[in-house]
Amino acid sequence: MENVVKTFGSLTVLDEIELTIHENEFVTLLGPSGCGKTTLLRILGGFEMPDSGKVIFSGKDITNVPPNKRPINTVFQKYSLFSHMNVEENIAFGPKNSGKSADYIRGKISYALKLVNLEGYEKHDVTKLSGGQQQRIAIARAIVNEPKVLLLDEPLSALDLKLRRSMRQELVRIKRETGITFVFVTHDQEEALSMSDTVVVMNQGYIQQVGTPENVYNEPENAFVADFIGDSNIIDGVMVHDKLVRILGREYPCVDVGFPLESPVDVQIRPEDITLDAPQEDALNGVVTKISFWGMSYDIIVSAGGFDWLIQSIHRREVGEEVSLHLDPENIQIMAKPQSEDEAKLVEQ
Amino acid sequence: MFQSVTVRNLFLVPFCLWAGIFIFIPLVCIIYYGLTNSGGSFTLDNIAIITQREYYYSLRLSVVLALITTIICLLLAYPLCLILIERAKSAGTIIILLFVLPLWMNTLLSTMAWQTIFERDGILNQVLRLLSMPDMTLINTPTAVVIGMIYNYLPYMVLPLYVTLSKIDKSIFEAARDLGANSWQTFLKVTLPLSLPGAISGITMVFIPALTTFAISALLGGSKLLLIGNVIEQEFTVEYDWHLGSALSIILMIFIVINMVLTIFFDMSRREEE
Amino acid sequence: MISRLKTVYLAIIFLFLYAPIGVLIAQSFNASRYRGHWTGVTLHWYESLFTKSDIVDALSNTFSIGILSAAIATVLALITCIALREVGKKSRAMFMSVANVPILNADIVTGISLMLLFLGMGMRLGYGSILIAHVVFNVPYVMLCIMPQLLALDKSFYEAALDLGASPFKAFTSVVLPEIRSSVCAGFLLAFTMSADDFIITYFTRGAGVDTLSTKIYSELKLGIHPEMYALSTLVFVFIAIFVMLFAMNRKSNFKAEDLL
């Protein structure tokens, strides 16, 4: 995609989006609702026209190609199975439109149903299927057309938690078996991190960061990404010099280089990366103000140096207990402050 | 569903033409006839005729009977709808079907059947005589006309009311009871306000036809009981005074417009509250 | 106690609703041709019914006008609703209120205004003018039936069809139309019912020699109704009653009262 801009009235939903999707990639568009991810997907599918910019597919400009002529298929959020057709007729709808033979279609249907683990469901009424089954039929219906790209618009959002988890693995498996490029839209960071090759973090019509799941989690480029993906402590800091940052009046060694001297930065520290100890002289000391149990670990809020730190720990602490906080240099992530006011507004969101 | 706005607008063309020719122009025709005399020059005389005694009486009688009909329909419909909804749960939809079924009997014939019932030697009086009770004189009275109207228009009150009432989430009633309201309070504070949109459309659907009918009054009211609808009909089919008939129609339209404005006004104030 | 009161109330209302129908059905078997005089049971009126050409004509006019006007109104309403789905809320409300004018307006005014229009255009009143008039008041009823379901239909059904390679026309006929078929059918049936039961508008827009059942009955009122008319109405009523009951049995699970009106 090149320079895609989409506005609805005075609202700019997408602003100069540039994104390259590689063949056989599992790309996730991740962002809060209203960030433009669905609009971007609909532009790829041909359901919306960009106001400017182009959609290039294998070197060809397909911006004005209608959806029925694109080598791209979509799995819709609410599946949109045709309720007056049974499973078989739903899946056959696409191949029939492209004039495939009955034998070919029959073969394709059984292949697709096998792929989604619903063999023998040909004659079932789609409205009587469970949410998870409908989901699989929607995927089968899309992939029988052998699209080059499969677009999935929050396909798991209507399923319950357990089903969602197992469908994630299913999707990755289907992706691997078919070799189709997947473009997946979600607001669920767990989904994005666990399934994708590439995560595209979006906010307010801008792409915030593109990278591997490890990349966006461990090295977020700005405070929005850091905050949106996982839990974070984000603190104002000042870069003293390369590999040394000043936070809350204390200097900490870190691993980042290349920031101007004495420049203000955002510092991100993951709650699981902070270790708590008995209070010590010459350390950042604080008091536990709140503790809640989450099954695997405790969320502990420690007030230290005028900041409420979120710490995840498997060890219980008592409210009122005095502790000291320890940070390892490699766990301190330095991010540039937003350059413009426009960007700053985004980060604040 | 359209690739471009032009295609979409093209789809609206047939309707616009249709509405222009068969909704807008006919109303212009009626206003033109109503405000001109046979020579084609502008006059308000035809409208002013409503101040004459006989026309004024017809109009007043029509309004009064339509109001009575509407109020009785409303009073009958509320308990009926609540019972129907309750019974539909156990007895199924058959009970509602039984209710709408009479709608498919020709209106004129069933009204005529009421004539057979109400007549001096009609079924009602024969039954009364069997029970050694005094005769009732109903035919050619306003009462007979009102009963005929209720019979014909009650479904138009019940159906919108039923639809609105059945859409109200049952837990709302339970919540009201839970919060200490008795059934009467629940009805006044919860059922009534929530079903108001249905009641309003029911009122419109009963009041306007009741105000403007001429068939029911012709059958059950006799030749002396003239509603405004009968007067207009006679102007067109007996007197052939289209100008006067149109003028009286304009007066009816004023009522209809007032009704529409009130409905829209109510609708808007309700939306604002939401 | 309260439950019994409710049953009594219901029974009184049903008695009220069915009393005239009972009277009409009884009259269709009455040997006397005069109302209210019971002289014995006969099936004579059912026999002579189909030899009365004027009644048969009125019946066939009622049916053909009903079906034609409902069909034309459905097509027009469908085209309009599809376009209205895509316009803004305000314009849609405006269009709908224009369409609703024939419903909100009094039948007598609609009838007279159409008569003035037809005569003003130099058109002869007759079958054609009745048909047009019926389409006029049927369009809004069909629109009121279709619009909610079409608005509730997720856009993605249509998009899914396009996505799977269907042309816009095919996507509409093979996906959108079947998805909204219940409201289209309901609209058609409602329009047919309205048309068949209409008296006032037909009365003003008909010409000499053309009658529907309603106008035929009205013209007979003064001279006394042919008892064949009772026989016909009874037949029609029983036929519809059976049809409606079967319909309800068939789709007991997802049947709603709104489907009927």
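Over the ring of which residue does the charged end of Arg270(A) sit? The ring is that of Tyr217(A), and the charged end of Arg270(A) lies 3.9 Å from its centre. A charge is taken to sit over a ring if NZ of Lys or CZ of Arg is within 6 Å of the ring centre and within 35 degrees of the ring normal. The charged end of Arg141(A) likewise sits over the ring of Phe82(A), 4.5 Å from the centre.

The model is predicted, so local features need pLDDT of at least 70 and side-chain atom pairs count only at pLDDT 80 or more, whereas totals for chains, interfaces and linings use all residues. Residues are numbered from 1 along each chain as its sequence is written, chains are lettered from A and ligands numbered from 1 in the order in which they are written, and side-chain values use heavy atoms, with hydrogens and water left out.

Over all chains, 33 aromatic pairs were found. Rings of Phe, Tyr and Trp (its six-membered ring) pair if their centres lie within 6.5 Å; planes under 30 degrees apart count as stacked, over 60 as edge-to-face and the rest as tilted. Phe224(A) and Phe228(A) form a stacked pair, 5.5 Å centre to centre with 15° between the planes. Both residues are buried (under 20% relative accessible area; exposed is over 50%, partly exposed in between; 1.4 Å probe, protein chains only). The rings of Phe307(A) and Trp309(A) have planes at 80° and centres 5.2 Å apart, so this pair is edge-to-face. Phe307(A) is partly exposed at 21% relative accessibility, while Trp309(A) is buried at 1%.
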